[in-house]
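Visitor: I am new to protein models. Could you please walk me through this one?

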Amino acid sequence: MHVFACLNEWVSGRGSAIADGALGLAGSSADDGSPQPGATTRSEIATVLDRQPRSRGRSAAARVVDFADGRSGSPGESLSRLGMRRAGLPAPILQYPVPGTSYRCDFGWPDHGIVGEFDGRGKYGRLVGPDADPDTAGRLVWREKRREDRIRATGLIVVRWTWPDIGAPGPHGMVGLLREALR
């Protein structure tokens, strides 16, 4: 029943992040080959929904399951993808392999020559604070800058956004940035 309650969070987007994460865990395994804690499959979720045919919120939960994709690499990517869908943007390819490189981008629209990257603080957050090593932070930022330079050198346009940008209105929010790039 906990899965059903979580999936019913279509409006806030939490259900999508939870479902994406659970399906993503199903695609990986612990060191001993056993399933990751919290992992599930689409069919297991569907079974839970089938047991609740008349439950309030079932249709919202079913929409979450239909939309779920274990390739989302983080809750921020899941919520970004949900925002794209709600805005009517073209569906991206998740974990898009950048041609001619060993890189992957969170989102790709190859027909438009665009890739998208969600940047959460997790990537850089551990480098901020009293115990942070400025040399390590500098190397990480430099490495990410060089990665983006190499992606741009393939001819792709790189669009980046952060947590506050996901739901921000106007031209500087995620949807506005992507609409402009996808023109």
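Guide: A residue is called buried when its relative accessible area is under 20%, exposed when over 50%, and partly exposed in between (1.4 Å probe, protein chains only). Trp109 is buried because its relative accessible area is 2%.

Visitor: What should I know about the model itself?

Guide: This is a predicted model, in which local features need pLDDT of at least 70, side-chain atom pairs count only at pLDDT 80 or more, and totals for chains, interfaces and linings use all residues. Residues are numbered from 1 along each chain as its sequence is written, and side-chain values use heavy atoms, with hydrogens and water left out.

Visitor: Is Phe107 buried or exposed?

Guide: Phe107 is buried, with a relative accessible area of 0%.

Visitor: How are the rings of Phe107 and Trp109 arranged?

Guide: Rings of Phe, Tyr and Trp (its six-membered ring) pair if their centres lie within 6.5 Å; planes under 30 degrees apart count as stacked, over 60 as edge-to-face and the rest as tilted. Three aromatic pairs are found in the whole structure. The centres of the Phe107 and Trp109 rings are 6.4 Å apart and their planes are at 25°, so this pair is stacked.

Visitor: Which residues form a cluster through ring pairs?

Guide: Phe107, Trp109 and Trp161 are linked in this way.

Visitor: A new topic: what is Met84 in contact with?

Guide: Contact means heavy atoms within 4.5 Å. Apart from neighbours within four places in sequence, the contacts of Met84 include Phe107, Trp109 and Trp161.
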